[in-house]
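Have a look at the model first, then read on.

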Amino acid sequence: MTLLKQYGKDLTIIAAAILAVLILFVIRSAAYQDEGGKKDAKVVITTGDEVYGTYPLYEDRVVEVKTPHGQNTVTINGGSVWVSDASCRDEICIGTGKIRSPGKSIVCLPNRVSVSIVSESGKEDGGYDTVAY
Amino acid sequence: MIRWPIRKRVPYLGLLLAFALALSYIEVLLPIGTGIPGVKPGLANLAVLLCLTLFSPVDALLLTVLKACLSCLLFGNMSMLLYSLSGAVISCIVMIAASRVIKLHLPVVSMCGGIFHNLAQFAVALLILHTKGLFYYLPVLTASGLVTGLILGILASLVSPKLKKILTRGEEI
């Protein structure tokens with residue numbers, strides 16, 4: 001009992017601090033769960049000035065994009081998008097590789113096709129590139 | 001707490017300041033960092049804790065301000081001063097309140113200091129950067145302040161009685 005009397009206040013403060021930290025962690029995980037914003041991200045394919053098609057990022061599919069200038073095969077798989085085949089000369093669109101975050105895009109200039117990921121929540125940026133302080 | 005006239009305290013305060021700066025230097029040298037910005041052991045707080053238990057709160061506050069300014073001049077840049085000064089002063093004030101007003105034991109005093117050091121730095125970062133994403137770090141910062149503060153506090157509570165005995169050898173407290 002004397003031990004409790006001697007250290008009671010300290011133990012209360014420690015318990016309160018640990019509880020506060022735990023609550024903060026819970027709040028954070030709750031706040032950042034729906035913050036993901038990526039679940040509703042969409043893949044927008046445009047040819048020239050027209051929107052060719054809009055597809056959910058998290059539904060796997062292969063889209064054949066046919067334009068008067070040529071043909072591109074856009075593959076959406078596991079949350080990332082890439083151009084798997086193209087009829088253009090330089091194949092820069094294939095070389096761009098996979099994109100997975102909102103705001104990123106793949107462009108095929110010869111075929112005038114562009115593939116970009118757009119987040120539904122209106123946020124173009126997929127987070128910070130870097131923070132300096 | 002040792003009640004000495006200021007002329008007798010000054011050399012020991014100087015030693016504590018040197019100790020604090022040496023610890024800051026060790027902290028810069030050792031890669032104890034966890035990769036998370038802002039999470040570091042805060043070894044220099046050991047000197048402030050010892051000062052708080054050995055001498056008066058005013059001495060501890062003075063030591064804190066000098067330590068923050070000098071360690072920024074020596075190991076960092078002046079833009080860091082705002083962060084380190086705010087964190088150090090707030091944590092020192094909290095520790096003074098915890099040890100003298102609420103009369104907690106040293107490990108818990110240090111834990112409170114650690115938490116409030118990080119909270120103050122978080123507040124300053126929020127004021128300067130205006131980024132909502134910082135809130136992601138808040139739980140990590142508080143947790144790290146808690147753990148490092150507790151460990152340093154236990155260390156200080158082991159050292160300070162011996163130090164007090166050495167300092168007051170042969171005289172009435």
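**Cysteines, a patch and salt bridges**

The sulfur of B:C72 sits 7.4 Å from the closest cysteine sulfur, the one in B:C69, which is too far for a bond. A disulfide here is a pair of cysteine sulfur atoms within 2.5 Å, and by that rule the count over all chains is zero.

Some housekeeping: this is a predicted model, where local features need pLDDT of at least 70, side-chain atom pairs count only at pLDDT 80 or more, and totals for chains, interfaces and linings use all residues. Residues are numbered from 1 along each chain as its sequence is written, chains are lettered from A and ligands numbered from 1 in the order in which they are written, and side-chain values use heavy atoms, with hydrogens and water left out.

**Cysteines**
- B:C72 is buried at 2% relative accessibility (buried is under 20% relative accessible area, exposed over 50%, partly exposed in between, with a 1.4 Å probe and protein chains only).
- B:C69 comes out as partly exposed, at 29%.

**Nonpolar patch**
- B:L62, B:L66, B:L70, B:L73, B:L74 and B:M78 make a nonpolar surface patch of about 570 Å².
- Patch residues have over 30% relative accessible area and no salt bridge; like charges are joined within 9 Å, and nonpolar side chains (Val, Leu, Ile, Met, Phe, Trp, Tyr) within 5 Å.
- The areas come from the Shrake-Rupley method with a 1.4 Å probe, and for residues only the protein chains shown count as cover.
- Helix α3 (residues 57-75) of chain B gives the most to this patch, with five residues; helices are DSSP runs of H or I, at least four residues, numbered from the N terminus.
- One residue in that helix is B:L70, partly exposed at 30% relative accessibility.

**Salt bridges**
- Across all chains there are three salt bridges, each a side-chain nitrogen of Lys or Arg within 4 Å of a carboxyl oxygen of Asp or Glu.
- In chain B, the side chains of B:R9 and B:D59 pair up at 2.7 Å, N to O. B:R9 lies in helix α1 (residues 6-29) and B:D59 in helix α3, so this pair ties together parts that are 50 residues apart in sequence. Both B:R9 and B:D59 are buried.
- B:K40 bridges to B:E27, with the closest N and O atoms 3.6 Å apart. B:K40 is partly exposed at 48%, whereas B:E27 is buried at 15%.
- A:R61 and A:E59 meet at 3.1 Å, N to O; A:R61 is partly exposed at 30%, and A:E59 is partly exposed at 42%.

Terms used:
Helices (H or I, at least four residues) and strands (E, at least two) are DSSP runs, numbered from the N terminus.
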